[in-house]
Structures are given as structure tokens and as C-alpha cells.
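Biologist: Please take a close look at one part of this structure and describe how it is placed against its surroundings.

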Amino acid sequence: MNAFRLVPKIAETEIQQTSISKLKYAKSLRVFIDRIYDDCLKLERTRTQGLDFVKMLRKELKLLRKIHKNYVNSIL
């Protein structure tokens, strides 16, 4: 469910007019990214099917964290 909430949050961030409000919304994005990453770790520990997909998703989330960090720094 956290993944479904991520896209509307990104859209809300881009709609904001001032850099202060953009920064506030961008920082809230990090919470969702971290929750999805934690969900991936939990799935890896349960040994479910599709473990390769979960590992790939985790790598993509690490990349998303870097992109997010660069975005927040560009707002500042």
C-alpha cells in the first residue's frame, strides 16, 4: 500500500508553489521510500516466491533514495 501512496505524494510535491512547501512535501516522500524499503527487507526474510524481484526492487529503491537526496538538495 505504501507504493501506491508514493506517486500521489510525488505529484503533490511538484504542484507546490513555494520552495519551503516543496521541501516539506519532499521530506515526507522519504518516509514512504523508507517504508517500502523496510517492506522489501521483511519480504526477503519470509522467503516468499519472487525473491529476485524483491532484491531488484530494493536496488531500485536505493537509487530512488539518491535521486530524492539530489532533489532535496536542489530545492535548498
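Modeller: The buried residues of helix α1 pack against α2 and α3, where contact means heavy atoms within 4.5 Å. This is a predicted model, in which local features need pLDDT of at least 70, side-chain atom pairs count only at pLDDT 80 or more, and totals for chains, interfaces and linings use all residues. Residues are numbered from 1 along each chain as its sequence is written, and side-chain values use heavy atoms, with hydrogens and water left out.

Helix α1 covers residues 2-15; helices are DSSP runs (H or I, at least four residues), numbered from the N terminus. Its 14 residues reach 20 Å from the first C-alpha to the last, close to the 20 Å expected at 1.5 Å a residue; the expected span is 1.5 Å times one less than the number of residues.

The buried residues of α1 are N2, L6, K9 and T13. Buried means under 20% relative accessible area, exposed over 50%, and partly exposed in between (1.4 Å probe, protein chains only). Seen down the axis of α1, these buried residues fall within an arc of 75 degrees, so they line one face of the helix; the arc is that of the directions from the helix axis to the C-beta atoms. On the other side of α1, F4, V7 and I15 are exposed.

Leaving aside residues up to four places away in sequence, E44 touches L51, V54, K55 and R58. Helix α3 spans residues 51-75, and M56 lies in it.

Key
Helix = DSSP H or I, 4+ residues; strand = E, 2+ residues; numbered from the N terminus.
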